[in-house]
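Biologist: I would like to learn how to read a model of this kind, one feature at a time. Could you give me the general idea first and then the case in hand?

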Amino acid sequence: MKVDGKHFRSIWRERDGWSVGAIDQRRLPHEFVIARLTSCEDAAVAIRDMLVRGAPLIGATAAYGMALAMREDSSDAGLKRAYETLVVARPTAINLKWALDEMRTALAPIDPLERAEAAYARADEIVEQDVEINRGIAGNGLALIEAIAAKKPGETVNVLTHCNAGWLATVDWGTATAPIYLAHERGIKVHVWVDETRPRNQGASLTAWELGHHGVPHTVIPDNTGGHLMQHGMVDLAIVGTDRVAANGDVCNKIGTYLKALAAHDNGVPFYVALPSPTIDFAVNDGIRDIPIEQRSGVEVTDMTGRTADGRLETVRIVPENSPVANYAFDVTPARLVTGLITERGVLKPDRAALAAAFPERVTATAK
Ligand SMILES: CSC[C@@H](O)[C@@H](O)C(=O)COP(=O)(O)O
C-alpha cells in the first residue's frame with residue numbers, strides 16, 4: 001500500500017537479487033527505516049525481535065530466511081539447521097511453520113546444488129500468494145461493509161480493529177484491513193477505530209500509521225474503549241486478524257481480542273476474523289487448550305518509547321521498580337463469539353465442517 005504516495009510492500013528481494021529488504025517495524029511510527037537481511041540468522045532475529053511481525057509476514061520472512069540459508073549451506077544438514085533455527089523464532093503464528101514446511105517440501109527432494117535458486121523461487125511464490133490471498137479477503141470482506149453501508153445511506157461505516165492486521169503484518173493489503181482499503185478505494189465512507197493494543201502498541205504505532213499514509217479516516221482509542229463505543233452504537237462491525245485458527249474455529253490473536261469479542265457479543269456487533277488459509281491449523285482441535293501462547297519480556301509492559309516534544313526518542317518506565325509484570329502476547333477467542341471467518345474462499349462459519357469444506361487440501365496435508 002502507499003507510503004507518501006509511493007507503493008511499498010513490507011518485504012521484498014533487493015535489486016542484488018539475493019538479499020532481502022524489509023521495513024523495520026520497531027522504528028515506526030517515528031522513523032521509516034529499511035533493514036537489509038543477508039543471512040538466515042538475520043531473518044530469525046528479525047522475526048524474534050519483531051523487526052517484522054504479523055503472522056503472514058513472519059511466514060514470508062521465514063521463507064526468505066530459508067533461501068538465505070541455502071546460499072550459505074545447501075546440504076541436507078544445512079536445510080535441517082535452517083528449519084530448526086527459524087521455526088523457534090516465535091511460537092504462536094502458525095504461518096511460520098507453514099512457510100517452513102512449504103520450503104522444506106520443495107527443497108528436500110532436489111539436488112543441493114539447485115536448492116538456493118529453488119528456494120528463492122518458492123519464497124517468491126509464497127510472497128506473491130500472500131498478496132493474492134489478501135486481495136481475495138478484500139473482495140469477500142467488502143461485501144460485508146457494502147451491506148452495512150446500504151443500510152445507512154450517506155453515513156460512515158465504523159469498523160473496530162485490534163492490533164495490526166494491516167499490510168505491514170502481511171506482504172501487502174493486510175487481512176483485517178484489506179476489505180477496509182478496498183471499501184475506501186470504492187468510495188464507501190469508512191472510518192476505523194484503532195485499538196492502541198498495549199503493550200507493544202501495534203494499533204497506535206502501526207495500524208494508525210498505515211491507515212494514515214493511505215488516507216483512510218481513523219481514530220486511535222485506548223484498549224478499554226471498545227465496549228463503550230459498542231454500547232453507544234458507534235461500531236458497525238469489528239474485523240481483526242489472527243495468528244492461528246484451530247480446526248474448531250477458535251481464533252488466536254493479539255492479547256485483548258477476546259475481550260473485544262465479548263463486548264461485541266454483548267452488544268450485537270458482528271465480530272469477524274480475516275485470515276489467509278495458511279493461518280488455519282488443522283492439527284489443533286481446541287484452540288484454548290492447545291495453541292501455544294507466547295510470553296514476551298516484561299520490559300514491553302514496564303517501559304514505553306515515544307517522541308518527546310523536542311523531537312528525541314526516549315524510553316521511560318511506567319511501572320514501579322519492584323512490581324512484577326506479566327506479558328501474555330496472545331489470547332484465544334472461542335468460535336462461539338466469532339460471527340464469521342473472512343477467507344480468500346469466502347466468509348465461513350467458524351467451525352470444523354466449514355473450514356474443512358473450504359480448504360480440503362489443507363486437511364489432507366495436515367493428516368500426512
Ligand atoms: C494479519 S496479521 C494477524 C495477526 O498476526 C495480528 O493480528 C497480530 O496479532 C500480530 O501480533 P504481533 O505480535 O505483532 O506479531
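Modeller: Let us begin with domains, whose bounds come from an automatic or database domain assignment. This is a predicted model, in which local features need pLDDT of at least 70 and side-chain atom pairs count only at pLDDT 80 or more, while totals for chains, interfaces and linings use all residues. Residues are numbered from 1 along each chain as its sequence is written. Here the protein is divided into domain 1 (2-129) and domain 2 (138-367), and their C-alpha centres lie 24 Å apart.

Biologist: How many residues does the contact take from domain 1 and from domain 2?

Modeller: Two residues are in contact if their C-beta atoms, placed from the backbone, lie within 7 Å. On that basis, domain 1 gives 26 residues to the contact and domain 2 gives 29 residues. On the domain 1 side, β1 (2-3), α2 and α4 each supply at least two residues, and α2 gives the most, with five residues. Helices (H or I, at least four residues) and strands (E, at least two) are DSSP runs, numbered from the N terminus.

Biologist: Why does Ala 274 count as buried, and what is it in contact with?

Modeller: A residue is buried if 20 or more other C-beta atoms lie within 10 Å of its own, exposed if 12 or fewer, and partly exposed in between, with C-beta atoms placed from the backbone. Ala 274, in strand β12, counts as buried because it has 29 C-beta neighbours inside 10 Å. Leaving aside neighbours within four places in sequence, the contacts of Ala 274 include Ile 137, Ala 165, Ile 239 and Gly 241. By contrast, Ile 110, in the loop between α4 and α5, counts as partly exposed because it has 13 C-beta neighbours inside 10 Å.

Biologist: Which backbone features should I look at?

Modeller: Most residues other than glycine have a negative phi, and most peptide bonds are trans. Trp 173 has a positive phi of about 75° although it is not a glycine; it is found in the loop between β6 (157-161) and α6 (178-185) and is buried, with 25 other C-beta atoms within 10 Å. Met 50 also has a positive phi, of about 65°, but is partly exposed, with 18 other C-beta atoms within 10 Å. As for peptide bonds, a cis bond joins Leu 28 and Pro 29, with omega about 5°, and the bond from Arg 198 to Pro 199 is cis as well, with omega near 5°.

Biologist: What is the average pLDDT of the protein, and where is confidence lowest?

Modeller: pLDDT is the predictor's confidence in each residue, from 0 to 100, and where it is low, the predicted coordinates should not be read in detail. The protein averages a pLDDT of 97, and 100% of the residues score at least 70. Confidence is lowest in helix α13 (residues 360-367), at a mean of 86, and highest in strand β12 (residues 271-274), at 99.
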